[in-house]
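Here is a friendly tour of one protein model. Take a look at the structure, then read on.

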Amino acid sequence: MGARQSSAGSKDKGPRRMGCLRRRQKLSAWDDALLSGRDPRSLLKRGMRHISFSLVTKGMTDIPDFLWGLSEVQKLNLSHNQLRVLPPEVGRLSRLVVLNLCGNHLKSLPAELSLLQGLRVLFLNMNRLSELPAELSACRSLEVLSLSHNRLSQLPASFADLSRLRKLNLSNNCFAHIPVCVFALKELDFLHVGSNRLENIAESIQCLGSLQIFIAENNSIHSFPRSLCLLASLEVLNLNNNDIQTLPEELYLLCRLARIAWNPMDKGLHISHNPLSKPLPELVEGGLEMLVSYLKDKKHN
């Protein structure tokens, strides 16, 4: 009997052991490291240029405390989780160059982000932000800032101090106008303000002389301002899906616009799905050269 019970007991434990093994196999690398007592630093990836750490799509609602001790991290990816709060301890990661927080549930940001003096790239898209801390403007090394798919209607005036910013994405927010501070960002070569509530583009757009890509599609913009024609570096100008009826005679000044573009990824002038007055729709169909020629003749007659 004893032998049979022992044998039966072994059989009972077998499935349980297998279940534990299966559950253990599903653990993420960082869970496994912590449970085994390993140093979390063993999870750092040391590349040629940066030391990185990633916790992507883990379903996290909170950031594990051990992270704030990894002071050597330069690239941190916490995207596509369920984070509601970014703790002030993020300011301890003073060597951060890239911080990716996209696809979370953040409603606000801590002022301690200002301590990240070496931060160059910040992804905050697809969150629930309705405002940003003015202290973020202290990140003077910032070159890329993505704020798309939030609930923003304004930016702090101090953002004018982000003098190294080259790429700014404000699309899919609640802006009724392009924030004034944006026109102070002289190094911008990419500006996306599509899918907002814009009804016009301020004449101050001409201050952005380095701009190569300007996207303002899916708004309610009524006119194509002449000041846009002073941005001689533009290679992509996307004004699709607006309320534009006329085009400026100075369009020929945009000499780097190579064509009328129909594919969203193409360089050129995107002007489709606007109520253009006749004969402009037919001229647009004929191509940029025909359109520019008509506008030039109109200017001189």
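## Overall make-up

The protein has four helices and 11 strands, with helices (H or I, at least four residues) and strands (E, at least two) taken as DSSP runs numbered from the N terminus. This is a predicted model, where local features need pLDDT of at least 70, side-chain atom pairs count only at pLDDT 80 or more, and totals for chains, interfaces and linings use all residues. Residues are numbered from 1 along each chain as its sequence is written, and side-chain values use heavy atoms, leaving out hydrogens and water.

Of the 301 residues, 47% count as buried, meaning under 20% relative accessible area with a 1.4 Å probe and protein chains only; exposed is over 50%, and partly exposed lies in between.

## The largest pocket

The largest pocket holds about 160 Å³ of space. A pocket here is an open set of points on a 1 Å grid over the protein atoms alone, where a 1.4 Å probe fits, with protein on both sides within 12 Å along at least five of seven lines; lining residues have an atom within 4 Å of a point. The volume is the space filled by probe spheres set on the points, which are joined across faces, edges and corners.

β9 (213–215) and β10 (236–238) each supply at least two lining residues. The lining also draws on other residues, including Pro264, Met265, Asp266, Lys267 and His270.

## Ser293 in its helix

Ser293 sits in helix α4 (residues 288–300). It counts as partly exposed because its relative accessibility is 37%. Glu249 is 44 residues from Ser293 in sequence, yet their C-alpha atoms are 9.4 Å apart in space.
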